[in-house]
Amino acid sequence: MPISETEIIQIIEKRIGKKIELKTPSFETGVNKLIRALYGGEEKGDGELGLGLASEGDLRGDLVRDTVEHLILFYNRRGLKGSPNVLRWLLGREPTSVVQALELPCLLQDSCM
């Protein structure tokens, strides 16, 4: 079954015995951060993925912003669930569950990183 980010947080909270507070940025801040991550900025640049923005005067820059806004609205409404079926197919085996991963030795310790 797909698992949501909030379900993952609940599992981790139970494991560590502490409440985790997630800080969600404003809509505009989230849009700008995602554009910056993808394209290097709100205006021009290469971005972390090296996609770059459209050239000056090209309306695709507005389309990029519109697309990012729609993407964030979609995930805000429906959540961001990962499918273990896709991971199972990619790995060729049963994926490790969140609970199983948290039981791995030293996963939450700095010495393992």
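Is Arg 88 buried, exposed or partly exposed? Select Arg 88 and show its surface: the relative accessibility comes to 29%, so Arg 88 counts as partly exposed. Keep in mind as you click around that this is a predicted model.

The side chains of Arg 88 and Glu 94 form a salt bridge, at 2.9 Å from N to O. Glu 94 has a relative accessible area of 53% and is exposed, because anything over 50% goes in that class.

Next, pick Lys 19 and Glu 13. Here, too, you'll find a salt bridge, with the closest N and O atoms 3.7 Å apart. Colour the two residues by accessibility and they part ways: Lys 19 is exposed, at 74% relative accessibility, whereas Glu 13 is buried, at 13% relative accessible area.

Last stop: select Glu 28 and Arg 65. Their side chains meet in a salt bridge of 3.9 Å, N to O. Show the cartoon as well, and you'll see that this pair links distant parts of the chain: Glu 28 sits in helix α2 (residues 27-39) and Arg 65 in helix α3 (residues 60-78), 37 residues apart. Glu 28 is partly exposed, with a relative accessible area of 41%. Arg 65 is partly exposed too, at 21%; the cut-off for buried is under 20%, so Arg 65 stays out of that class.

Methods: Residues numbered from 1 in each chain as written. Predicted model: local features only at pLDDT ≥ 70, side-chain atom pairs only at ≥ 80, totals over all residues. Heavy atoms only, no water. Salt bridge = Lys/Arg side-chain N within 4 Å of Asp/Glu carboxyl O. Buried < 20%, exposed > 50% of the residue type's maximum accessible area, 1.4 Å probe, protein only. Helix = DSSP H or I, 4+ residues; strand = E, 2+ residues; numbered from the N terminus.
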